[in-house]
Amino acid sequence: MQSDVIRMLRYNTGTDKKAFVAFKEAFDAVIFNATIVAYSGSAIADLVSVHKNQYIIDPQTHIMQHDIMAIMSKDKKTGLYHIKKSVRKYLEQLPGSVMDIIEKENRPLFTAEINSIIDELVESVFEFETQYVNSFIKQKEYDKYLRYVNVGPEPKVVIAPYFMLKKDMSENQIQEYFELNRKCLEKFSLYQEKQALCYPVAAQLVIDREILKNEKLCGMLKEHYDYDGYEYIFLWISDFSSFECSLEEKKKYYDLLETLNQMGKKTLMTYGGYDSILLTQAQMPVRLYGVAQSVGYGEARSITPVGGGLPVNKYYFYPLHRRMRFDEALGILMENGYFSPEKTNAEHADDYYAEICNCEQCKKIIKKDINNFKVYNESVPYTVNARYGEIKRNRPTTEAALVAAFHFLFCKNNEWEQVKKMERRELIQQLLSDYQRYGSKETQKQIEEWCDIFGK
C-alpha cells in the first residue's frame, strides 16, 4: 500500500469483534466514535492493546448542535426519553456547561456558548483522544508488558473539535461555524504543542449533501482551512456516494477535492465505499489519502441517526462494488445464468469464483455447489408488534450476518490490493465493463458519469 494512504476500519459494537480481529492486518488503524469509547472504554482498551496499536477517535463534537431527540432514547418501562447512555458518558468528559444546557434546557448549544468554553473544550477533547483509552490499559495487567516492549497503543491521528454545516443554515451561520471550526483547529494544535506531543492533527469537515451545491463552499474552505497547522482533513458528506449522486453533485465533489488537494491537505473519507478507495490511486486527477470502512453497515452514512429499519440479509456484490439485498444479488446471478441447467452446480461454482468473487469466505460457503450461495440468506423468524397487531418477519441469523461481514471485508481488502497494483486506466476500464455486464441502465449511467469526471 502507498505509504501516504491510511486504510481505516471503523469499530461499532462488540458483535464486530470477530470480523475486526480477523482483518486487523488488512488495515492501518482502527477508528472509533467517541461515544463508543466512552461507553466501552475497557473493551476498547483490550482491542487496541491486543489487536491494533494505532487508533483514531472521532470526537463527535457535532452532537452539541443537533436537535436533542437525535441523542435520546425511550425508556421501555416508563415511556420517558433520556440521553443515551453512551452519549451521556461522553458528554460527562466535556466541559460541564455542555451537559447542563443539553439536559436542563433541552436544546443544542449556540455558537456563542461554544465559543465561551472553547479552550476547555479543546483541552478535554485532546485529553479524551490521547489519554482515555490508556487510563483503562493502566488498570490492566498487560500495561507493564506493553511499556516494557514499548508498543503501547497511541493515536494515529488526533482530530480537532468540529461542527457541521447544515442545509438550513444561512450564509452568515455557515460563516460563523467555519470561523468556530478554524478557532478549534488552531487552539487544538497549540494545546498539543504545550503538551510537547506531536501526533498528526486533522480537521473534520462535516456537511449535509445540499451544502456541496453551495457556490461559496470552496472559497470559504480556502479562507478558513488553508494554513499550515495541520496535515489531514476528514470529510463526511451526509448519506453520500459519488457513484450514486447526481451529475451536479459529482462535479461539485470533484471541485471540493481539487480545492483540498491544492491546499496540500490529505483528505480522508470518514465513511466511504469503493468510489473513495479508487480515489486513493496515485494517478487520479483528484485524490483521497484514506478511507474508513465499517463492518456493520453501509458505506454512505447519515450524520443525524435515522431508524435502521427491519434487518435484512445483505450481500456485497463485488463486480458492482455495492452492498445489496440478497434477493437483488441472487436476481443478477440468475439473469446471468449462474443457476441454469446447462452446467453442473460445480461448474457454476467455478464460474462464480472466476467472474464474481473468489474470496476465502465464498469458497468456504459455496465449495463445489452454487446452491450453497443461499447460506448468505439464512434467516430466523421473529415478531414485530405493530399498531394493528403482530407481524411475522425474518431476520438474518447471527451466522449469516457474520459470513456476510467477512465476505464484505475480504472484498474491501481485495479492492485495496487492486487499487494498489493496477493502473488508473485499467481500474476505470474494469469498472465500466463490470457495470455493462451486471449493472442496470441507471447504474451504468451513474458510473459512466463518474468515470468521465474522475477517471479523465
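This is a predicted model: local features need pLDDT of at least 70, side-chain atom pairs count only at pLDDT 80 or more; totals for chains, interfaces and linings use all residues.
Q: Where does Glu123 lie, and what is the C-alpha distance between Glu123 and Phe188?
A: You'll find Glu123 in helix 7, residues 118-137. Helices (H or I, at least four residues) and strands (E, at least two) are DSSP runs, numbered from the N terminus. Along the sequence, Glu123 and Phe188 sit 65 residues apart, yet their C-alpha atoms are 7.4 Å apart in space.

Q: Which residue is 283 places from Ser294 along the chain, with a C-alpha separation of 6.5 Å?
A: That one is Tyr11. Ser294 itself belongs to strand 11, residues 290-294, and counts as buried because its relative accessibility is 4%. If you skip the neighbours within four places in sequence, Ser294 is in contact (heavy atoms within 4.5 Å) with Arg10, Asn12, Arg323 and Phe408.

Q: What about Thr61: is it buried or exposed?
A: Buried, since the relative accessible area of Thr61 is 0%. Thr61 is part of a loop, the one between strand 3 (54-58) and strand 4 (72-74). Again leaving aside neighbours within four places in sequence, the contacts of Thr61 are Tyr90, Leu121, Val125, Pro161, Tyr162 and Phe163.

Q: How do I read a helix? Which residues of helix 10 are buried?
A: Here's the general idea: an α-helix has 3.6 residues a turn, so residues three or four places apart point the same way. In helix 10 (residues 217-225), the buried ones are Leu217, Met220, Leu221, His224 and Tyr225. They cover an arc of only 105° around the axis (taken from the directions from the helix axis to the C-beta atoms), which puts them on the same side of helix 10. Those buried residues pack against helix 9 (171-194), strand 8 (201-207), strand 9 (232-237) and helix 11 (247-262).

Q: And which residues of helix 5 are buried?
A: In helix 5 (residues 96-104) they are Val98, Met99, Ile101 and Ile102. Their arc around the axis is only 165°, which puts them on the same side of helix 5. Strand 5 (81-83), helix 4 (85-91) and helix 6 (111-116) are among the elements that cover them.

Q: How do I describe two helices together? At what angle do the axes of helix 9 and helix 10 cross?
A: Two packed helices are described by the angle between their axes and the distance between the axes. For helix 9 and helix 10, the axes come within 9 Å and cross at roughly 30°. Helix 9 and helix 10 are therefore roughly parallel (angles under 35 degrees). The contact uses Glu171, Ile174, Gln175, Phe178, Glu179, Asn181, Arg182 and Leu185 from helix 9, and Leu217, Met220, Leu221, Glu223, His224 and Tyr225 from helix 10. Sorted by class, this contact of helix 9 with helix 10 has seven nonpolar, three polar and four charged residues.

Q: How do helix 10 and helix 11 lie, parallel or perpendicular?
A: Their axes come within 10 Å and cross at roughly 20°, which makes helix 10 roughly parallel to helix 11. On the helix 10 side, the contact is made by Leu217, Cys218, Leu221 and Lys222; on the helix 11 side, by Asp255, Leu256, Thr259, Leu260 and Gln262.

Q: Last topic, phi. What is the phi of Asp239?
A: Most residues other than glycine have a negative phi. Asp239 has a positive phi of about 50°, although it is not a glycine. Asp239 lies in the loop between strand 9 and helix 11 and, at 41% relative accessibility, counts as partly exposed. His321 also has a positive phi, near 55°. The loop between strand 12 (314-317) and strand 13 (322-325) holds His321, which counts as buried at 9% relative accessibility. Asn106, which follows helix 5, has a positive phi near 50°.

How values were computed:
Residues are numbered from 1 along each chain as its sequence is written. Side-chain values use heavy atoms; hydrogens and water are left out. Buried means under 20% relative accessible area, exposed over 50%, partly exposed in between (1.4 Å probe, protein chains only). Axes are lines fitted to C-alpha atoms, for helices over the stretch in contact, and angles run from 0 to 180 degrees between N-to-C directions. Angles under 35 degrees count as roughly parallel, over 145 as roughly antiparallel, 65 to 115 as roughly perpendicular and the rest as oblique. Ala, Val, Leu, Ile, Met, Phe, Trp, Tyr, Cys and Pro count as nonpolar, Asp, Glu, Lys and Arg as charged, and the others, Gly among them, as polar.
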